[in-house]
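Hi,

Here is the structure I promised to pass on.

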Amino acid sequence: MKLMRVLGGEAVWPPPVWLMRQAGRYLPEYRALRATAGDFLSLCLNPVLAAEVTLQPVRRYGFDAAILFSDILILPLALGQELRFLEGEGPKLPPLQQMADLRLEAAPPAFVSVAETVARVRAALDPAVALIGFCGSPFTVACYMLDGRGGSFARSRALAEQEDRLLDGVIDLLVEASVVYLDGQVKAGADCVMLFDTHAGLLPAARFERYAILPNQRIVRAMRELHPGLKIIGFPRQAGDQLGAYARASGVDAVGLDTTADPAAAIAAVPAGMALQGNLDPTLLKVGGAALAQGTQAVLEAFRGVPHVFNLGHGITPDVPPEHVAAMLEVIRGV
């Protein structure tokens with residue numbers, strides 16, 4: 001598997017490629033299936049349908065990896081917090097007030113469903129194609145649990161500044177739950193896992209270690225005890241100057257770079273030989289044409305000679321024409 005070789009520290013040319021949110025609303029086959037599935041959460045928790053959605057972009061484009069189709073908010077759902085996805089509004093949860101409202105069961109039904117999805121995908125995938133499991137990192141998931149919706153996460157940021165006991169308790173429980181969740185995915189057939197700390201960039205430098213680095217570090221260490229040699233990708237989005245500290249201390253094998261990251265600075269910041277992932281601007285996929293070709297080529301050249309997984313700096317947006325993804329892949333595979 002090309003992806004696993006890169007995560008092991010090998011510079012592969014051309015690099016393996018997969019895209020964040022590669023399964024989803026920009027694909028007509030996804031929209032057709034989604035129309036039959038009911039609401040989004042039902043789709044995520046239906047192993048037959050979720051497996052099909054996971055496989056759709058691999059069939060269409062021949063990506064080097066499939067990433068589990070799910071959502072980072074499966075974690076609070078499994079912990080007993082109510083979760084709804086409203087069309088055009090995103091996720092909604094009742095803002096958490098006390099730890100007593102949460103519980104971690106031995107085998108939450110949501111975790112069982114996701115593990116079955118992983119098993120179905122792995123059984124259907126070509127052995128040369130890697131399967132990536134994932135979860136949201138504790139601070140990012142806690143933001144939704146405490147604020148109840150996406151946005152500025154004002155309450156979560158205030159609690160972080162106060163080093164509040166409720167936030168600390170949620171983080172601790174999410175670390176524990178994440179290990180259970182990811183362990184199930186690996187046992188079901190995931191070849192590697194990814195930790196999405198999408199909102200790590202909300203943390204000031206004084207709080208970044210406490211709420212971004214250390215929780216991810218605890219998950220990585222626990223997963224390596226359960227699965228020695230497991231490869232783990234971390235994505236501390238908009239980490240900025242904290243990227244190097246995250247790369248050195250978290251224990252991950254590869255660091256995903258968001259669109260704002262400068263490739264040369266990132267290469268210099270992380271330990272020598274560490275794999276990097278990213279970081280084409282998703283907007284270029286919408287624009288297409290010469291701009292997309294030039295941007296793709298620029299990313300390839302920026303990371304030539306280092307272990308690199310070609311990806312986006314964030315997820316594909318629903319307005320991307322599928323043919324633009326194909327055009328991007330032609331550039332990558334033609335170098």
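Which residues form one aromatic cluster? They are Tyr30, Phe40, Phe69 and Phe85. Keep in mind as you browse that this is a predicted model.

Now to the aromatic pairs: the count comes to nine. Take Tyr61 and Phe63: their ring centres are 5.4 Å apart and their planes sit at 55 degrees, so this pair is tilted. Stacked would need planes under 30 degrees apart, and edge-to-face over 60. Both partners are buried, Tyr61 with a relative accessible area of 7% and Phe63 with 1%. Elsewhere, Arg304 lies over the face of Trp13, 4.0 Å from the ring centre.

Tyr61 also belongs to helix H4, which covers residues 47-61. From first C-alpha to last, H4 reaches 22 Å, close to the 21 Å expected for its 15 residues.

Finally, the surroundings. Eleven of the 15 residues of H4 are buried, so the helix is largely enclosed by the rest of the structure. Among them are Leu49, Val53, Leu55 and Pro57. The buried residues of H4 pack against helices H2, H3, H6 and H15, as well as strand E1.

Cheers

Conventions
Residues numbered from 1 in each chain as written. Predicted model: local features only at pLDDT ≥ 70, side-chain atom pairs only at ≥ 80, totals over all residues. Heavy atoms only, no water. Phe/Tyr/Trp six-rings, centres within 6.5 Å; stacked < 30°, edge-to-face > 60°. Buried < 20%, exposed > 50% of the residue type's maximum accessible area, 1.4 Å probe, protein only. Lys NZ or Arg CZ within 6 Å of the ring centre and 35° of its normal. Helix = DSSP H or I, 4+ residues; strand = E, 2+ residues; numbered from the N terminus. Expected span 1.5 Å × (residues − 1). Contact = heavy atoms within 4.5 Å.
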